[in-house]
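User: I would like to learn how to read aromatic contacts in a protein model. Please take me through them step by step.

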Amino acid sequence: MRWSTKRYVLAALTALYLLSGISTAIADDGRPNVLLIIGDDQAWTDFGCMGHDTIRTPHIDRLAAESALFQRGYVPDSLCRPSLATIVTGLYPHQHRITGNDPRHVVIPGVPTSQNPEYLRLEAEYEQHITRVPTLPRVLSEAGYLSFQSGKWWEADYSYGGFTHGMTHGDPARGGRHGDEGLTIGREGLQPIYDFWDDAGEEPWFVWYAPFLPHSPHNPPERLLERYLAEGKSLHVARYQAMCEWFDETCGELLATLDARGMGDDTLVLFVTDNGWIQDPDSPRYAPRSKRSPYDGGIRTPIMVRWRGMVEPAVYDDTLVSSIDLAPTVYAAAGVDPGVELPGVDLVEMAANGGNLGREAVYGAIFEHDVAEIDDPSQSLMYRWCIRDEWKLILPADASSPLELYQLADDPFEEVNLASQSGDLVSELSAELDAWWDGH
């Protein structure tokens, strides 16, 4: 089906739903539904609302225009598993202890990972971390919410995270890793989410939409790829950019259907990416200073909060926010107590206060891909970082590596290291990092 035809059909369905008055409305006590959209491997620059002049993201741009758009959003770690665990818990990686994608690999020659008993034992122990801390779906379910997991999910099957419904089975013997059957969402349509909405009926719900987009494999539909091909342009870059638009299309369909079913005004919509990605023009991989790095190419993301009638649309280009803020935002909107103190803030309240809740800095840490010791995050630590106002300090765990200090307002792509010229500021920010790390 051609895209123009899809748009026509979707518009017609939207009108039909609205005219028929079909709705699964907000709970009688005012609690909103919650839709959490999580992009996968996309740089903070790669949206129209963030200033990109080539990549087309009209649906996400519209969401941004209807939201409190925080342009200086961050994730603590630039790797998907720890980043996603932070989003679902509201805790830093060294708090929830999910710091890498895999426990250390114990190689047995000729035995695949899915059948390696030592690896499977370590992974099973590692997955238990998510059961020891509050999670959004688990806490919300205790308050009467139903919840649905789709897309990227690492922590065994969806029920480990507290979801009442989901797509991921997490069984290594059946190829269960980082989402398995859940990774078809978006790439193969959105029907599982629509079926969940049908099942939820009048109950309040939480949807985790974390599609494998624009994540590799970068295999966009030809109709999209054709838009980005150009003489002298890297095919790898064109494919990645087309994937960003494909992700945008799925967000547009999801949000249009939300409105078509009469739920758009009664749903808190949140947007974030798990980590950044700068496309290597010479290979399908990511370039340096993006994914897995402490640079903004790996950790910065736009964060959006849309709650019609409750959050005034605005652009905050100076306010520092973090993915640790998403969980407390949801809990406050739903009127529930997670039972533990969380380090983040309520972004709805932040927006109501003009983007100012007294926060002076955001923090994070970068860890090895494979976890050295599943119960001791410090064993896998590579960098810690903090941003205060316009200044960013990157502090390596290896004392022999140089410190890095950047003035982000004038140097947003971190090209000029000012550490050697700013000893007092480096000492001050280093002390702040130590206090953050030790205090959490």
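Analyst: What follows covers ring pairs and then charges over rings, in a predicted model.

User: How is a pair of aromatic rings described?

Analyst: A pair of aromatic rings is described by two values, the distance of the centres and the angle of the planes. A search of the whole structure finds 18 aromatic pairs here. Phenylalanine 163 and tryptophan 208 form one that is edge-to-face, with 6.1 Å centre to centre and 70° between the planes.

User: Which parts of the chain does this pair link?

Analyst: Distant ones: phenylalanine 163 is in the loop between strand S4 (146-151) and strand S5 (165-166), while tryptophan 208 is in strand S6, 45 residues apart. Both phenylalanine 163 and tryptophan 208 are buried.

User: What are the distance and angle for tyrosine 295 and tyrosine 406?

Analyst: Their rings are 6.4 Å apart centre to centre, with 65° between the planes, and the pair is edge-to-face. Tyrosine 295 lies in the loop between strand S7 (267-273) and helix H10 (296-299), and tyrosine 406 in strand S14, 111 residues apart.

User: Why does tyrosine 295 count as buried?

Analyst: The cut-off for buried is under 20% relative accessible area. Tyrosine 295 counts as buried because its relative accessibility is 13%. Tyrosine 406 counts as buried because its value is 3%.

User: Which residues do ring pairs link into a cluster?

Analyst: Tyr92, Tyr363, Phe367, Trp436 and Trp437.

User: Where does the charged end of arginine 300 sit?

Analyst: Over the ring of tryptophan 44, 3.7 Å from its centre. Lysine 392 lies over the face of tryptophan 385, at 6.0 Å from the ring centre.

Key
Residues numbered from 1 in each chain as written. Predicted model: local features only at pLDDT ≥ 70, side-chain atom pairs only at ≥ 80, totals over all residues. Heavy atoms only, no water. Phe/Tyr/Trp six-rings, centres within 6.5 Å; stacked < 30°, edge-to-face > 60°. Helix = DSSP H or I, 4+ residues; strand = E, 2+ residues; numbered from the N terminus. Buried < 20%, exposed > 50% of the residue type's maximum accessible area, 1.4 Å probe, protein only. Lys NZ or Arg CZ within 6 Å of the ring centre and 35° of its normal.
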